[in-house]
Amino acid sequence: MSRIEGVLKTLKGQGRKALIPYITAGDPHPDTTVELMHTLVEAGADIIELGVPFSDPMADGPVIQLACERALKHGTSLRQVLGMVKAFRSRDSETPIVLMGYLNPMEAMGYEAFADAARDAGVDGVLTVDLPPEEADEVAPLFTDRGLDAIFLLSPTTTDDRIRAISEYSSGYVYYVSFKGVTGAAKLNVEEVASRVSHIHELTALPVGVGFGIRDAETAAAVGQVSDGVIVGSVLVDTIARNQADTAQLKRALTDLLQPMREALDSLSS
């Protein structure tokens, strides 16, 4: 059982929902990323999605695009990101880490070399935004063979046949994008999310995490009622941008944002 599967199974047994924050590695500076990861855990994160900065993050809106630019200005590379995970593991051997990014850096390193390095660093899952199931035959088995969960995106327009095909390659959880568009782009429609997630559950046994549009405790609780976990990205990355000059203040701001979401999710089980 992977760390991701173990955490989600434990939470389900407790009647609780997963809180999965996203930050971009190297933003605002490579030296602060590991510290921020520990801050997220202390604030209530169950799983961390760690973005690998990329020069053309086509699925992301301006907030995360700018985070990638800030990270790349400091020369943050895929190998450095793996080094951050390894450093995080020196203090935390339990919190699952999912690398989220695009194929190009992995392809440049070599898929097999990347899979080996990710496993050795302590990565638990890989979510590759631009890897469709039709092209996953080569990559997904490399992850699975090394104990890495291959995580894929589902959208409001994903067909039933495609959901089934994606589920064949997936493990850990599937990431449901709550609306059409890029990250940080629209307002959440919880009724539509509830209907769609319910239908996805009919087609796959995997837990469903929902991302895009979760900005505060209220939206986290609303999505938590209808999913297995909530994925929080742009609002955290925007908080980093607004507090990047003061690491201590940044850590407080992230905690002040994430802790109420944790409390709101936990209130659903009471």
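Helices (H or I, at least four residues) and strands (E, at least two) are DSSP runs, numbered from the N terminus. The model is predicted, so local features need pLDDT of at least 70 and side-chain atom pairs count only at pLDDT 80 or more, while totals for chains, interfaces and linings use all residues. Residues are numbered from 1 along each chain as its sequence is written, and side-chain values use heavy atoms, without hydrogens and water.

Most residues other than glycine have a negative phi, and most peptide bonds are trans. Phe212 counts as buried (under 20% relative accessible area; exposed is over 50%, partly exposed in between, with a 1.4 Å probe and protein chains only), because its relative accessibility is 11%.

The next topic is a helix pair. Helix α2 (residues 33-42) packs against helix α4 (residues 78-89) at an angle of about 50 degrees, and their axes are 9 Å apart. That makes α2 oblique to α4; angles under 35 degrees count as roughly parallel, over 145 as roughly antiparallel, 65 to 115 as roughly perpendicular and the rest as oblique. In the contact (heavy atoms within 4.5 Å), Thr33, Val34, Met37, His38 and Val41 of α2 meet Met84, Ala87 and Phe88 of α4. By class, this contact has six nonpolar, two polar and no charged residues.

Technical notes:
Axes fitted to C-alpha atoms, helices over the stretch in contact; angles between N-to-C directions. Nonpolar A, V, L, I, M, F, W, Y, C, P; charged D, E, K, R; others polar.
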